[in-house]
Amino acid sequence: MDQRKAIFRAKLRETKEKQQRRIDPALVRYNEFDQPICRVCNITLKSEALWPAHQVSRKHHEAKAAAADKATTLTGSRGSG
């Protein structure tokens, strides 16, 4: 009985720690396999451990710049009209 309780508590603790480690929801969303997906690039990462490397990648910076240009273009077109 005590062993089952210990296993349950360990799983509960692991789940709680996993939720605290989650990346900012403004930056990523999660798929059904609990893998992070970059909202800027729309790239699925195999785990959250790869997030720091993805953030400094060339692809991510290019996608971020393209999104900023697109937002600037949309804002500029709204103002003139």
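Trainee: Let me start with Asp34: is it buried, partly exposed or exposed?
Mentor: Asp34 is partly exposed, and its relative accessible area is 30%. Keep in mind that this is a predicted model.

Trainee: Okay, and where in the chain is Asp34 found?
Mentor: Asp34 is in the loop that runs between strand 1 and strand 2. Its phi is near 65°, a positive value, and Asp34 is a residue other than glycine.

Trainee: Which other residue has a positive phi although it is not a glycine?
Mentor: Look at Asn42, where phi is about 60°. Asn42 is found in the loop between strand 2 and helix 2, which covers 51-55. Asn42 is exposed, with a relative accessible area of 53%.

Trainee: Let me step back for a second. How many helices and strands does the chain have?
Mentor: The chain has three helices and two strands. Starting at the N terminus, the order of the elements is α-β-β-α-α.

Trainee: And how many of the residues count as buried, as a percentage?
Mentor: The chain has 81 residues, and 15% of them count as buried.

Trainee: Where is confidence lowest in the chain, and where is it highest?
Mentor: Helix 1, residues 2-21, is lowest with a mean of 83, while strand 2 is highest at 94. For the chain as a whole, the average pLDDT is 86, and 88% of the residues score at least 70.

Trainee: Back to that loop between the strands. Asn31 is in it too, so to speak, but is Asn31 buried or exposed?
Mentor: Asn31 counts as buried, because its relative accessibility is 18% and the cut-off for buried is under 20%. Asn31 lies in the loop between strand 1 (28-30) and strand 2 (36-38).

Trainee: What does the side chain of Asn31 reach?
Mentor: The Asn31 side chain reaches the backbone nitrogen of Gln35, at 2.9 Å. If you leave aside neighbours within four places in sequence, Asn31 is also in contact with Ile37 and Thr44.

Trainee: New topic! Which residues make up the largest nonpolar core?
Mentor: There are seven residues in it: Ile23, Val28, Cys38, Cys41, Leu45, Trp51 and Ala63. As background, nonpolar side chains tend to be buried together in soluble globular proteins.

Trainee: Tell me about His54, then. Where does it lie, and is His54 buried or exposed?
Mentor: His54 lies in helix 2. It is buried, with a relative accessible area of 8%. Setting aside residues up to four places away in sequence, His54 touches Cys38, Cys41, Ile43, Leu45 and His60.

Trainee: How many salt bridges does a search of the whole structure find?
Mentor: The search finds one. That salt bridge is between Glu62 and Arg58, and their closest N and O atoms are 3.1 Å apart.

Trainee: How far apart are Glu62 and Arg58 along helix 3?
Mentor: They are four residues apart in helix 3 (residues 58-79), so about one helical turn separates them. Glu62 is partly exposed, at 43% relative accessible area, and Arg58 is exposed, at 59%.

Trainee: Last one: what does UniProt have for residues 37-60?
Mentor: The unreviewed UniProt entry carries the annotation "domain: C2H2-type" for residues 37-60. In the model, that stretch is 33% helix and 8% strand, and its end C-alpha atoms are 12 Å apart.

Key. Residues are numbered from 1 along each chain as its sequence is written. This is a predicted model: local features need pLDDT of at least 70, side-chain atom pairs count only at pLDDT 80 or more; totals for chains, interfaces and linings use all residues. Side-chain values use heavy atoms; hydrogens and water are left out. UniProt positions are given in the numbering used here, feature names are shortened, and annotations may be inferred rather than shown by experiment. A salt bridge is a side-chain nitrogen of Lys or Arg within 4 Å of a carboxyl oxygen of Asp or Glu. Buried means under 20% relative accessible area, exposed over 50%, partly exposed in between (1.4 Å probe, protein chains only). A polar contact is a pair of N or O atoms within 3.5 Å; within protein, one must be able to donate a hydrogen and the other to accept it, and residues adjacent in sequence count only if both atoms are side-chain atoms. Contact means heavy atoms within 4.5 Å. A nonpolar core is a set of buried Ala, Val, Leu, Ile, Met, Phe, Trp, Tyr and Cys residues joined through side-chain atoms within 4.5 Å. pLDDT is the predictor's confidence in each residue, from 0 to 100.
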